[in-house]
Amino acid sequence: MKKVLTIAGSDSGGGAGIQADIKTISALGCYASSAITAVTVQNTLGVSGVHVVPTDIVEAQIDAVLSDIGADAVKIGMLFSADIVRAVARQLQKHGPASVVLDPVMVSTSGHTLFQNEAVTTLISDLIPMARVITPNVPEAEVLLGGCHITDGSQLPQAAKELSQRFGVSVLLKAGHIEADTLVDILYCSEDCQYYELPAIRVDTPNTHGTGCTMSSAIASFLAKGLTLPDAVKGAKDYVNNAIISGAKERIGHGHGPVNHFYLMKKI
């Protein structure tokens, strides 16, 4: 069984973060291990509090998993502080996992800050260079590019390429914040210097909580299974889109509900 380590925050509502990661990795047939960076007070209505896990405990979790179980791929989500970024980088440097998928989580859907401003510089200098692919949404890409404004889908290919060339990694730039009926995510793959378009029709549903976490975990799972990066991203895009469609009419909570991570399983 292929193994995927997720390094991220806990979502008490179960729709995003570590919980979404473990569901996704398991649904795609891999073994999920985890290192929790923060405990959020969260439900479908938003985040109301964050308790950051001590840095030495975060680092010890990663070391414990990688020194025993190992990982065919690593997914990184919410890190919160520069100290935690550096701790994660130290452990990746020590253990050298083959594929690292970095989702630069900065702000929750409800607007709660999940990443300290001073940590951005450390993320760029210490951690992004270790990633095989990063998966920013539009607001995160704007931060990483130094405050540029992306308002139209036609800007995504150039923004993805600029991010790739600036940081030396492949970039999946997600189009969810673009106002359009058809959303076209853009993968710029630094491994073959090619663009890949990943279109999907926007689904009319409030149940999109945790889609970014789910996408990055799915990519990590497919990379762990040995797929090429373009095929892993395409597989992850299909998985997330079908999870949204399958869970579109469910009513879990009173706000932005989760996707259906286990749509591939038949109901008993």
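Ser 99 counts as buried, at 4% relative accessibility. Buried means under 20% relative accessible area, exposed over 50%, and partly exposed in between, using a 1.4 Å probe and protein chains only. Ser 99 sits in the loop between α3 and β5 (100-102). This is a predicted model: local features need pLDDT of at least 70, side-chain atom pairs count only at pLDDT 80 or more, and totals for chains, interfaces and linings use all residues. Residues are numbered from 1 along each chain as its sequence is written, and side-chain values use heavy atoms, with hydrogens and water left out.

**Around Ser 99**

- The C-alpha atoms of Ser 99 and Ala 73 are separated by 4.8 Å, yet these residues are 26 residues apart along the chain.
- Ser 99 touches Asp 72, Ala 73, Val 74, Arg 132 and Leu 223, not counting residues up to four places away in sequence. Contact means heavy atoms within 4.5 Å.

**Helix α3**

- Helices (H or I, at least four residues) and strands (E, at least two) are DSSP runs, numbered from the N terminus.
- Helix α3 covers residues 82-95, which is 14 residues. From its first C-alpha to its last it reaches 20 Å, close to the 20 Å expected at 1.5 Å a residue. The expected span is 1.5 Å times one less than the number of residues.
- Buried residues in α3 include Ala 82, Ile 84, Val 85 and Gln 91.
- Just after α3, Gly 96 takes a positive phi of about 60°.

**α3 against α4**

- The axes of α3 and helix α4 (residues 119-127) come within 8 Å and cross at roughly 10°. Axes are lines fitted to C-alpha atoms, for helices over the stretch in contact, and angles run from 0 to 180 degrees between N-to-C directions.
- The two helices, α3 and α4, are therefore roughly parallel to each other. Angles under 35 degrees count as roughly parallel, over 145 as roughly antiparallel, 65 to 115 as roughly perpendicular, and the rest as oblique.
- On the α3 side, Ala 82, Val 85, Arg 86, Val 88, Ala 89 and Leu 92 make the contact. They meet Ala 119, Thr 122, Leu 123, Asp 126 and Leu 127 in α4.
- The residues of this contact divide into eight nonpolar, one polar and two charged. Ala, Val, Leu, Ile, Met, Phe, Trp, Tyr, Cys and Pro count as nonpolar, Asp, Glu, Lys and Arg as charged, and the others, Gly among them, as polar.

**Nonpolar cores**

- A nonpolar core is a set of buried Ala, Val, Leu, Ile, Met, Phe, Trp, Tyr and Cys residues joined through side-chain atoms within 4.5 Å.
- The largest nonpolar core has 47 residues. Ile 7, Ile 76, Leu 79, Val 88 and Leu 127 have the most contacts inside it.
- α3 gives the most to this core, with six residues.
- Another core lies apart from it, with 29 residues, among them Tyr 196 and Met 215.
- Leu 79 touches several residues, including Ile 7, Val 88, Phe 115 and Leu 127.

**Other loop residues**

- Phe 80 has a positive phi of about 75°, although it is not a glycine. Phe 80 lies in the loop between β4 (73-76) and α3, and is buried at a relative accessible area of 16%.
- Cys 193 is also not a glycine, and its phi is positive, near 55°. Cys 193 is in the loop between β8 (182-189) and β9 (194-201), and counts as exposed at 53% relative accessibility.
- Thr 135 lies in the loop between β6 (133-134) and α5 (138-144). Thr 135 counts as buried, at 0% relative accessibility. Its contacts include Val 101, Asp 103, Glu 140 and Ile 219.
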